Amino acid sequence: MPPTKRSDEISSRIGVGFLGAGPVTQAIHLPSLSRLTDLFEVTHVMDVDADVAAAVASRVDAASSTSMDQLLGDPRVEVVAICSPHKFHAAQVIAACRAGKKAVLCEKPFAVSAEEAAEIASVSAETGVPIVVGAMHAFDPGWLAAEKLWETLPETAHTIRVSVVLPPNARFEDFATEVIARPAGGWPDYSDPEVIAATLEGGVLGLAIHDLPLVRRFVPTFDDLQVLRAEVVRPWGYVFLLRAGGRTIELSASVNATWKPDWTLEATGPDSTLRVTFTPSYVQAGSAVAEFTAGGLTKVAGPFDHNGYEGEWRRIAGIVHGTEEAPEAGALIEDLRFALVTVDGARAHVLEAAV
Amino acid sequence: MSTLTKHYTVDTHSVPGLSETVASLPLSLAPAGQEPAQLAAIAGTPGWLERTREALDGGALAAVVSSPSAADGILSLPTDFAQRAIVEWSFASNPGLQTAAEATSSLRETAVFADIELRVPTETNFDDVLLDVLIAAGRVFGSMSPVRSLHRDKAGWHLASWLRGQASDVPVSFSIIATDAAPATLRLRLLTQDGGLSASVPSPATAEPAEVRITGPDGERLLPTLWETSRRVSWRRAVAVAAGEAVSDDLSELDGAISLAPKGMG
Ligand SMILES: NC(=O)c1ccc[n+]([C@@H]2O[C@H](COP(=O)([O-])OP(=O)(O)OC[C@H]3O[C@@H](n4cnc5c(N)ncnc54)[C@H](O)[C@@H]3O)[C@@H](O)[C@H]2O)c1
């Protein structure tokens with residue numbers, strides 16, 4: 001990257017508009033883009049809260065508005081980043097595609113039902129607008145290095161395990177409260193199976209979703225997905241045991257008062273095993289570390305200088321400049337379907353166990 | 001050992017690799033000649049309970065049973081015999097695991113999740129290693145509800161339980177995973193509301209210490225552990241039992257683990 005910019009380069013920067021300017025925009029995307037000022041320029045910030053939109057826009061010297069149409073009509077917005085609450089994602093992705101933008105970055109999950117996902121797929125195919133879903137681990141250089149190390153593991157892995165331990169974070173509380181009204185001053189009533197099912201849904205769509213696209217690399221098919229265990233971990237978290245495509249998948253998360261985060265994905269087959277250790281969310285600098293072991297010998301890759309949040313934006317720049325392929329919309333839909341099938345299976349499992 | 005000259009004889013042929021351990025404890029142990037061994041080494045294959053009874057009946061001062069399979073009637077062994085039977089587990093007998101067990105008693109009350117994972121070479125019979133996992137889990141996690149088998153095939157075995165005596169359910173997850181990627185290891189975690197304990201126990205072929213860490217609000221501590229194999233520790237315990245300095249409770253612990261295991265194993 002050139003240390004200084006000439007004016008013709010500045011004008012060639014890609015204009016970014018944000019739909020939703022909450023914590024994810026402020027704490028994740030703006031810091032990432034501040035490291036990529038040679039590639040991007042934030043031109044427009046929209047939020048339904050006018051004060052938030054104006055305050056965030058003023059920090060990056062961008063226009064602000066409270067209307068999606070106004071942002072989509074702004075010719076200086078070439079890429080739309082969707083960082084509103086889940087339930088608005090699908091409609092906003094579709095509107096951004098129809099507005100003929102160069103690319104859409106949508107925070108995970110990009111839809112909350114199979115119908116929405118199918119609609120997105122058809123609009124994306126029709127308009128040809130590339131969509132990137134903000135599953136940052138998939139863009140982490142540590143993960144990308146793992147792909148180069150892992151040899152035949154995607155075909156041979158029989159056991160995949162993702163374990164997340166995170167310090168308390170208001171964001172995770174929101175995952176739990178998004179789907180159920182949290183009683184004032186306490187945690188949900190886990191004696192109610194409906195509450196358990198809703199918490200597990202929040203866990204899959206809010207947290208596990210980060211890694212499900214990665215897990216799916218080792219799971220050839222999931223039409224036969226079975227939920228063998230689905231339980232909450234108090235005060236907030238989950239443990240799932242799944243079977244799909246001949247693989248066993250264990251997902252666990254515990255959000256507690258510890259100071260020590262741990263976010264690890266492991267895939268194991270008869271002759272080799274991969275372990276990828278990710279940084280906690282909201283951390284900007286530094287990537288995951290990948291360790292691949294076969295025959296008692298371990299190869300280690302990383303940490304690299306940036307992580308998946310920045311990786312997403314670098315990928316988008318590559319897509320807009322035509323140097324990188326856009327993710328295949330069908331694969332994104334399959335990733336989402338994997339999450340939704342897990343949610344449905346967990347719900348059925350919990351409600352069945354309750355009778 | 002009360003005196004330096006006193007040593008006990010062992011039939012080093014009854015269990016493979018035993019002569020090494022006997023040689024490494026030269027003041028306590030010696031290979032048995034023609035006379036019956038004073039300390040019996042019993043392989044844990046089916047029939048071990050009868051062989052243990054016979055050895056103790058025949059005058060052995062103590063018996064070390066290595067990795068016993070599930071058996072009925074363990075509690076019918078006379079108390080005097082049971083107190084002189086030591087069980088040697090590949091992982092659960094690791095000295096680091098004992099350290100972990102002592103450290104967790106104060107953590108269990110605030111536990112939120114526990115898991116234990118054993119990685120073994122492919123072709124391992126999972127029935128032969130489950131009890132080792134259950135004993136290790138019991139020592140560190142404490143009392144658990146009966147263990148349910150969720151899925152088993154040649155690649156692995158996954159089981160589930162809950163910690164007992166907690167105000168709310170604390171899930172426990174067990175996995176046995178078959179892989180030749182690296183030597184066998186056992187890993188476990190007991191997560192609490194504000195930290196927890198983690199242990200990584202190396203293959204029984206090495207004396208490399210287990211790594212046991214406790215995390216709490218003040219930081220993380222690596223607990224002191226010893227360079228000693230689970231086998232050598234077990235034989236030192238046998239010497240103490242033979243000398244009348246200790247009694248063993250291993251068989252009732254084993255019986256408890258067998259009663260927790262899913263029916264039909266073994
Ligand atoms: N990649 C990650 O690490 C990560 C982490 C946390 C959350 N997320 C995802 O990012 C998204 C946003 O998260 P957040 O924590 O910032 O959410 P939030 O709900 O706290 O904030 C979203 C912002 O959107 C605004 N908003 C509400 N309705 C809107 C609409 N219709 N159009 C535009 N703006 C609207 C709100 O006023 C708010 O300022 C969520 O989908 C979440 O799942 C991603």
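**Close-up views of a predicted two-chain model**

**Figure 1. An aromatic cluster in chain A.** F18(A), F40(A) and W313(A) come together as one aromatic cluster. Rings of Phe, Tyr and Trp (its six-membered ring) are paired here if their centres lie within 6.5 Å, and planes under 30 degrees apart count as stacked, over 60 as edge-to-face and the rest as tilted. Before you look further, please note that this is a predicted model, in which local features need pLDDT of at least 70 and side-chain atom pairs count only at pLDDT 80 or more, while totals for chains, interfaces and linings use all residues. Residues are numbered from 1 along each chain as its sequence is written, chains are lettered from A and ligands numbered from 1 in the order in which they are written, and side-chain values use heavy atoms, with hydrogens and water left out.

**Figure 2. Two aromatic pairs in chain A.** Over all chains, the structure holds eight aromatic pairs. One of them joins W143(A) and W150(A) edge-to-face, with 5.2 Å from centre to centre and 70° between the planes. W143(A) counts as buried because its relative accessibility is 1%, and W150(A) does so at 5%. (Buried means under 20% relative accessible area, exposed over 50% and partly exposed in between, with a 1.4 Å probe and protein chains only.) In the pair F222(A) and F338(A), the ring centres are 5.0 Å apart and the planes meet at 45°, so this pair is tilted. This pair links distant parts of the chain, 116 residues apart: F222(A) is in the loop between α11 (212-215) and β8 (226-232), and F338(A) is in helix α13 (residues 329-354). Helices (H or I, at least four residues) and strands (E, at least two) are DSSP runs, numbered from the N terminus. Both F222(A) and F338(A) are buried.

Figure 3. Look for H306(A) in the loop that runs between β14 (297-301) and α12 (308-320) of chain A. Is H306(A) buried or exposed? With a relative accessible area of 13%, H306(A) is buried. Its side chain makes a polar contact with the side chain of D305(A), at 2.9 Å. A polar contact is a pair of N or O atoms within 3.5 Å; within protein, one must be able to donate a hydrogen and the other to accept it, and residues adjacent in sequence count only if both atoms are side-chain atoms. Not counting residues up to four places away in sequence, H306(A) touches R35(A), P141(A), G286(A), S287(A), G311(A) and R314(A). Contact here means heavy atoms within 4.5 Å.

**Figure 4. I160(A) on its strand.** I160(A) belongs to strand β7 (residues 159-166) of chain A. The residue is buried, with a relative accessible area of 0%. Which residues is I160(A) in contact with, leaving aside its neighbours within four places in sequence? They are V215(A), F218(A), V219(A), R247(A), T248(A), I249(A), E250(A), E266(A) and A267(A). For a sense of distance, I160(A) and A146(A) are 14 residues apart in sequence and 14 Å apart in space, C-alpha to C-alpha.

**Figure 5. Helix α4 of chain B and its cover.** Now we turn to chain B. Helix α4 (residues 95-104) is mostly covered, with seven of its ten residues buried. These buried residues are P95(B), G96(B), L97(B), A100(B), A101(B), A103(B) and T104(B). They pack against α5 (126-141), β10 (185-192), β11 (195-201), β12 (211-216) and α6 (230-242) of chain B. At the start of α4(B), a side-chain oxygen of N94(B) comes to within 2.7 Å of the backbone nitrogen of G96(B).

**Figure 6. Arginines over tryptophan rings in chain B.** The charged end of R148(B) sits over the ring of W162(B), 4.8 Å from the ring centre. R152(B) lies over the face of W157(B), with 4.0 Å to the ring centre. A charge sits over a ring if NZ of Lys or CZ of Arg is within 6 Å of the ring centre and within 35 degrees of the ring normal.

**Figure 7. The chains behind the close-ups.** Chain A has 13 helices and 14 strands, and 56% of its 355 residues count as buried. Chain B has seven helices and 13 strands, and buried residues make up 55% of its 266 residues.
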